[in-house]
There are 2 protein chains.
Amino acid sequence: MIDSIAIDMDGVIADIELHTLNWYQKKCNVVIHPEDIIGLPQLEALPEKDAVWKFLHTPGFFRTLPPVKGAIDAVRRLTRKYDIFIVSSAMEFPHSLNEKYEWLQEHFPFISWRKLIFCGEKNRITADVLIDDYPKNLRSFKGIPLLFSAMHNMHETNYTRLHNWENAVQVIECL
Amino acid sequence: MIDSIAIDMDGVIADIELHTLNWYQKKCNVVIHPEDIIGLPQLEALPEKDAVWKFLHTPGFFRTLPPVKGAIDAVRRLTRKYDIFIVSSAMEFPHSLNEKYEWLQEHFPFISWRKLIFCGEKNRITADVLIDDYPKNLRSFKGIPLLFSAMHNMHETNYTRLHNWENAVQVIECL
């Protein structure tokens, strides 16, 4: 029986993939489709190689991420049954700290500040389950690792894959 | 043999006690000595009951905290032998997130962003040792809890007490 679920932000509840492609189209006038970047590392997914890195360092980028489709309702449902907390590797982009906090207040106001963790590495965080789009974060995790689908992780086969939030709730309820 | 040590910020490496008394003297022109507030809860330590709360919500308060005496040298020494990371309950005061990050960059630049954790509750953090001035944080900790002395915890007798950073290094080296 599981009790606690740690949920990553970018790529899991915050749609960094869609946002990156939208920003690239707006700033460089080049349309890239999600299927064009299947299996590519996130930082090297765009033709202009430092574009993603620049976006990640641009004030406002994290604050304006759209929520992942279905994430708000699904996480709200899960909070009724499980101890849900949000774990984000925010320290690499320190200007994102306040942006991420405000973003959570706006989109996930039902999650208390008590349940938020902004960290560098995630290897010091314990929970029964971790939902993350990065295999490197799942690798060192001691509980049940669940991989949330993203274009960059499509070739990963080592973890139970959550295709979207509807599927995520189904999988979690069977644990 | 211990390997990882989680270190709290306020009251352990950042001297919030001294800073609070100094701010109170500057803003209210009343001198309170540390020995006057022995055993008093931090939030109720000053004659004007909401003074500490106001300070905690004032931009710049966390950014200008003086380091605790001996903390920088002691932590630098410990990083040579142990996996040191900083764990701060910063989420209650979200404006402190960037201030705390900048403060660490200034005073503890030898600690990588990878080793920083800003959270709400600390009960999801694992390490071999936790150094904290709040018994409530030590209570739920699964490793070795060490209480860093502060005026507000002087009546606490349930934990090994670290009287200062010189003593802290001695105690840690005997674990």
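H4(A) and H4(B) are roughly antiparallel to each other, a label used for angles over 145 degrees. The axes of these two helices, residues 96-107 in chain A and residues 96-107 in chain B, come within 8 Å and cross at roughly 160 degrees. Touching across this pair (contact is heavy atoms within 4.5 Å) are Leu97(A), Asn98(A) and Tyr101(A) on one side, with Leu97(B), Asn98(B) and Tyr101(B) on the other. By class, that gives four nonpolar residues, two polar and no charged.

A word on the basis: this is a predicted model, with local features needing pLDDT of at least 70 and side-chain atom pairs counting only at pLDDT 80 or more, while totals for chains, interfaces and linings use all residues. Residues are numbered from 1 along each chain, chains are lettered from A, and side-chain values use heavy atoms, leaving out hydrogens and water.

Within chain B, helix H3 (residues 71-79) packs on helix H6 (residues 165-173) at about 20 degrees, the axes being 9 Å apart. That makes H3(B) roughly parallel to H6(B) (angles under 35 degrees). H3(B) brings Ala71(B), Ala74(B), Val75(B), Arg77(B) and Leu78(B) to the contact, and H6(B) brings Trp165(B), Val169(B), Ile172(B) and Glu173(B). Seven of these residues are nonpolar, none polar and two charged.

Over in chain A, helix H6 (residues 165-173) has Trp165(A), Asn167(A), Ala168(A), Val169(A), Val171(A) and Ile172(A) buried, meaning under 20% relative accessible area with a 1.4 Å probe, protein chains only. Their cover includes helix H3 and strands E1, E4, E5 and E6 of chain A. Asn164(A) caps the N-terminal end of H6(A), with a side-chain oxygen 3.1 Å from the backbone nitrogen of Glu166(A).

How values were computed
Axes are lines fitted to C-alpha atoms, for helices over the stretch in contact, and angles run from 0 to 180 degrees between N-to-C directions. Helices (H or I, at least four residues) and strands (E, at least two) are DSSP runs, numbered from the N terminus. Angles under 35 degrees count as roughly parallel, over 145 as roughly antiparallel, 65 to 115 as roughly perpendicular and the rest as oblique. Ala, Val, Leu, Ile, Met, Phe, Trp, Tyr, Cys and Pro count as nonpolar, Asp, Glu, Lys and Arg as charged, and the others, Gly among them, as polar. Buried means under 20% relative accessible area, exposed over 50%, partly exposed in between (1.4 Å probe, protein chains only). A polar contact is a pair of N or O atoms within 3.5 Å; within protein, one must be able to donate a hydrogen and the other to accept it, and residues adjacent in sequence count only if both atoms are side-chain atoms.
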